[in-house]
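Biologist: Could you walk me through the side-chain packing in this model, one question at a time?

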Amino acid sequence: MSPTATLPSPDTVEAFGKRLLDIINHGAIGIGLSVGHRTGLFDQMAGREGGTSMDIAQGAGLDERYVREWLGAMVTARIVDHEPTSGRYSLPTEHAALLTRAASPDNMAVTAQWLAILAGVEDRIVECFHTGGGVPYEAFDRFHEVMAEDSAQTVVSALFDHILPLAPELPGRLRDGIDVMDIGCGRGRALLAMASEYPNSRFQGYDLSSVAIEAARTEATAMGLDNIAFDEADAAWLLDEDRFDLVTAFDIVHDQAEPDRVLANLHRAVRPSGLLLVQDIATHTDLEKNLDHPLGPFLYTLSYTHCMTVSLAQGGAGLGTCWGRELAERMLTEAGFGEVEVHSLDHDIQNFFYLARPGGG
């Protein structure tokens, strides 16, 4: 050891060790939240006074031994209460308010599903650390399923009361009838909701995934909507010109292989009197400005294990989840948008909403 090197403080080492134990435990709890959501266990336990592991397993139609061990994880995590004498388990009402489908859009167990999805590609991500490149969309099991749930909570639930009114004239124009395009529409949750709410308007959704597009078409048919179409397409190759009054891009620009080209295409597609509405992650471009972000570690992890890597897999720019407001505003301006407003919603810690108008019109 160098004579000038300082020995680590035992107290600091001990404190950091305790923090690492918390991190490992919390990571395990995250998987348990995902399992509780997917199996319906949180929904089964909500609103009832309690039950034994057998009661809960039978009510949910699940295997008792697995349910009992999961309950052990949830009890030691202080998420589920346990009465040793009777052997009964219960989910506190205050916890159910953030962990059940009935609690949507506040159901945080939906978000916990991303932990298992991202862990599923860890081997391929580690390989990319050595070789570069990326992991393509198709490697992520359940991506579109969970993204649709996530979109229902973060976008659809706030769409009519909060997001669309950011442009005060927009709800009225949609009621009267305009042409709308959504890129990266996935299973089309947001577009389907708008098409149902505004029957006089016409809606077009594009996504790279044929599976997602087929699911969106099936849902549109089931809903009896005749003012909406879904097509498989890469936004980097769109040729539409002066065709749409509203273009939306929900949580998709930073994933693109060629985001500058995509934004230029959207500028060309929107009419001079139209509007581009972009929802993207509420971060800054400089890392030091994100140190106090309540989701900072999650968002950067999401970036290198999904958002950045799917772009790099296509030989793309790899902007990453945390590309940030400053770069987003600059790229929108460079794409030709003359007026860019940035909004946030009081209830939403995760997103910025960009309203971009062609040529400052």
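Biologist: Over which ring does the charged end of R325 sit?

Modeller: This is a predicted model, in which local features need pLDDT of at least 70, side-chain atom pairs count only at pLDDT 80 or more, and totals for chains, interfaces and linings use all residues. Residues are numbered from 1 along each chain as its sequence is written, and side-chain values use heavy atoms, with hydrogens and water left out. A charge sits over a ring if NZ of Lys or CZ of Arg is within 6 Å of the ring centre and within 35 degrees of the ring normal. At 5.7 Å from the ring centre, the charged end of R325 sits over F352.

Biologist: And how far is the charged end of R261 from the centre of the W237 ring?

Modeller: Here too an Arg has its charged end over an aromatic ring, with R261 placed over W237. The distance to the centre of the W237 ring is 3.8 Å.

Biologist: Turning to ring pairs, what kind of pair do F160 and Y198 make?

Modeller: Rings of Phe, Tyr and Trp (its six-membered ring) pair if their centres lie within 6.5 Å; planes under 30 degrees apart count as stacked, over 60 as edge-to-face and the rest as tilted. A search of the whole structure finds 6 such aromatic pairs. For F160 and Y198 the centres are 5.9 Å apart and the planes stand at 65 degrees, so the pair is edge-to-face.

Biologist: How many residues apart in sequence are the parts that F160 and Y198 tie together?

Modeller: Helices (H or I, at least four residues) and strands (E, at least two) are DSSP runs, numbered from the N terminus. F160 belongs to helix α8 (residues 143-163), while Y198 is in the loop between α10 (189-197) and β4 (202-207). The pair therefore ties together parts whose separation in sequence is 38 residues.

Biologist: Is Y198 buried or exposed?

Modeller: Buried means under 20% relative accessible area, exposed over 50%, and partly exposed in between (1.4 Å probe, protein chains only). F160 has 26% relative accessibility, so F160 counts as partly exposed. With a relative accessibility of 5%, Y198 counts as buried.

Biologist: Where does P105, which has a cis peptide bond with S104, lie?

Modeller: Most peptide bonds are trans. The bond joining S104 and P105 is cis, with omega about 15 degrees. P105 itself is in the loop between α5 (93-96) and α6 (108-119).

Biologist: Which loop holds D242, with its positive phi?

Modeller: Phi of D242 is near 50 degrees, a positive value in a residue other than glycine. D242 has a relative accessible area of 42%, so D242 is partly exposed. Its place is the loop between β5 and β6.
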